[in-house]
Amino acid sequence: MATEFPEEIQSLRTTMENILAVTQPDVLRTQIEELSKKAAAPDLWDDPASAQEVTSELSHTQSELERVTKMSERIDDLGAMVEMAGEDPEESAEILAEAEVDLVKLKEDLSDLEIRTLLDGEYDERNAVVTIRSGAGGVDAADFAEMLMRMYLRWAERHGYSTKVLDTSYAEEAGIKSATFEVQAPYAYGTLSVEAGTHRLVRISPFDNQGRRQTSFAAVEVIPLIESTDHVDVPDTDIKIDVFRSSGPGGQSVNTTDSAVRITHLPTGIVVSMQDEKSQIQNRAAAMRVLQSRLLVLQHEQEQAKKKELAGDVKASWGDQMRSYVLQPYQMVKDLRTEYESGNPQSVFDGDIDGFINAGIRWRKNQQHAAQ
């Protein structure tokens, strides 16, 4: 193994150089300096929303710089360790054994970091708005939709990403009909967009008193969050606005005023509901932002003449699923596009989905190259 170390370390360094060329540490340092000045402004918190945006962006940019600099340092440390082994024959075996462990972990972590360099789409760097809808399968599908929502929220929690549930429509017996939430993190859209599509669950239904196996489906839609620099014109004549009372599980009222808002975009039929905020005005503003985000995606697809439907139009039924979660008669989660799989569904539902996401990003990039 010792003779292979120089080649392995050189390979790591080459990969790291490619990553640095994309992440541009000097640019990150400049951004941190500018954001730090904004964060230090005495009137920063006069506008809480803007302040939150500045401090969040500063934190994420600092984390990004720390990730790449620490990775470079780890590669240099490994190289120094291997050199040390050559200078001290007596402790060589022990040092090389430790270096081998470090090498395996470095390869794994560097592969995860490299994924970021593949996110070069127009909107990839933005926050994401995720919508999950139950499909075919009745109450099991509603329960599955809620399981998927928890999975993505746990995934975000594992990475320290902020999330905000914008709207939840509860099913009568269990689970949810649909839910929409925002994931606030650099490249959240580019990362999570590979999760869009139909997900399929096979298990013994906990809602069937005869203990029969049930197949159910849920659809996942992922769109980039609109920014102030985007121009998406939505005339008042193109929308219909309904107000209603927010409700909790089982239809229980959680709000005594008509603060929830539903906006229907008449030309496209896109419907957005929002009930998370306290006031009707706030809910309307949030719903308009999500509507504009969806229209932005639609506009982009039309401009690029893409021959695909919006993720929200997925049928969520047999024949078009992209991932299967099988709990019975065996335990397996498998992505049907990438062939990536896990034999531990519980871990996956607890948010351990980086392997699936990374495989999906690589698969997408390969598909793009093949189409060129």
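## Close-up views of the predicted model

**View 1. Helices α3 and α4 cross in a left-handed sense.** A crossing is called left-handed if the near helix is turned anticlockwise from the far one by less than a right angle, and right-handed if clockwise. This is a predicted model, in which local features need pLDDT of at least 70 and side-chain atom pairs count only at pLDDT 80 or more, while totals for chains, interfaces and linings use all residues. Residues are numbered from 1 along each chain as its sequence is written, and side-chain values use heavy atoms, with hydrogens and water left out. Helix α3 spans residues 48–87 and helix α4 residues 92–115, and the two pack at an angle of about 155 degrees with their axes 10 Å apart; helices (H or I, at least four residues) and strands (E, at least two) are DSSP runs, numbered from the N terminus. Axes are lines fitted to C-alpha atoms, for helices over the stretch in contact, and angles run from 0 to 180 degrees between N-to-C directions. The pair α3 and α4 is therefore roughly antiparallel, given that angles under 35 degrees count as roughly parallel, over 145 as roughly antiparallel, 65 to 115 as roughly perpendicular and the rest as oblique. On the α3 side the contact (heavy atoms within 4.5 Å) includes V68, M71, I75 and L78, and on the α4 side it includes I95, L96, A99 and L103. The residues of this contact comprise 15 nonpolar, one polar and six charged, where Ala, Val, Leu, Ile, Met, Phe, Trp, Tyr, Cys and Pro count as nonpolar, Asp, Glu, Lys and Arg as charged, and the others, Gly among them, as polar.

**View 2. Helix α1 crosses α3 in a left-handed sense.** The axes of α1 and α3 come within 10 Å and cross at roughly 165 degrees, so that these two helices are roughly antiparallel to each other. From α1 the residues F5, I9, L12, R13, M16, I19, L20 and T23 take part, and they meet E64, V68, M71, S72, I75, D76, L78, G79 and V82 of α3. Sorted by class, the contact of α1 with α3 contains eleven nonpolar, three polar and three charged residues.

**View 3. Helix α1 also crosses α4, again with left-handed geometry.** Helix α1 (residues 5–23) and α4 have axes that come within 11 Å and cross at roughly 25 degrees, which makes α1 roughly parallel to α4. In α1 the residues F5, E8, L12, T15, M16 and I19 meet a set in α4 that includes L96, A99, L103, L106 and L110. Ten nonpolar, one polar and four charged residues make up the contact of α1 with α4.

**View 4. The largest nonpolar core has 56 residues.** Such a core is a set of buried Ala, Val, Leu, Ile, Met, Phe, Trp, Tyr and Cys residues joined through side-chain atoms within 4.5 Å, and buried means under 20% relative accessible area, with exposed over 50% and partly exposed in between (1.4 Å probe, protein chains only). The residues with the most contacts inside this core are I132, L148, Y152, L192, L291 and Y325. Leaving aside neighbours within four places in sequence, L291 is in contact with V234, I239, I263, H265, I270 and V272. In soluble globular proteins, nonpolar side chains tend to be buried together.

View 5. I115 is buried, with a relative accessible area of 4%. Beyond its neighbours within four places in sequence, I115 is in contact with N358, I361 and R362.

**View 6. Q184 lies in strand β3 (residues 176–184).** With a relative accessibility of 24%, Q184 counts as partly exposed. Its contacts, apart from neighbours within four places in sequence, are with H60, N127, Y161 and S162.

View 7. The peptide bond from Q328 to P329 is cis, with omega near 15 degrees, and P329 is found in the loop between β9 (321–326) and β10 (332–335). Y187, in the loop between β3 and α6 (188–192), has a positive phi near 65 degrees although it is a residue other than glycine. E339, in the loop between β10 and β11 (341–342), likewise is not a glycine and has a positive phi of about 70 degrees.
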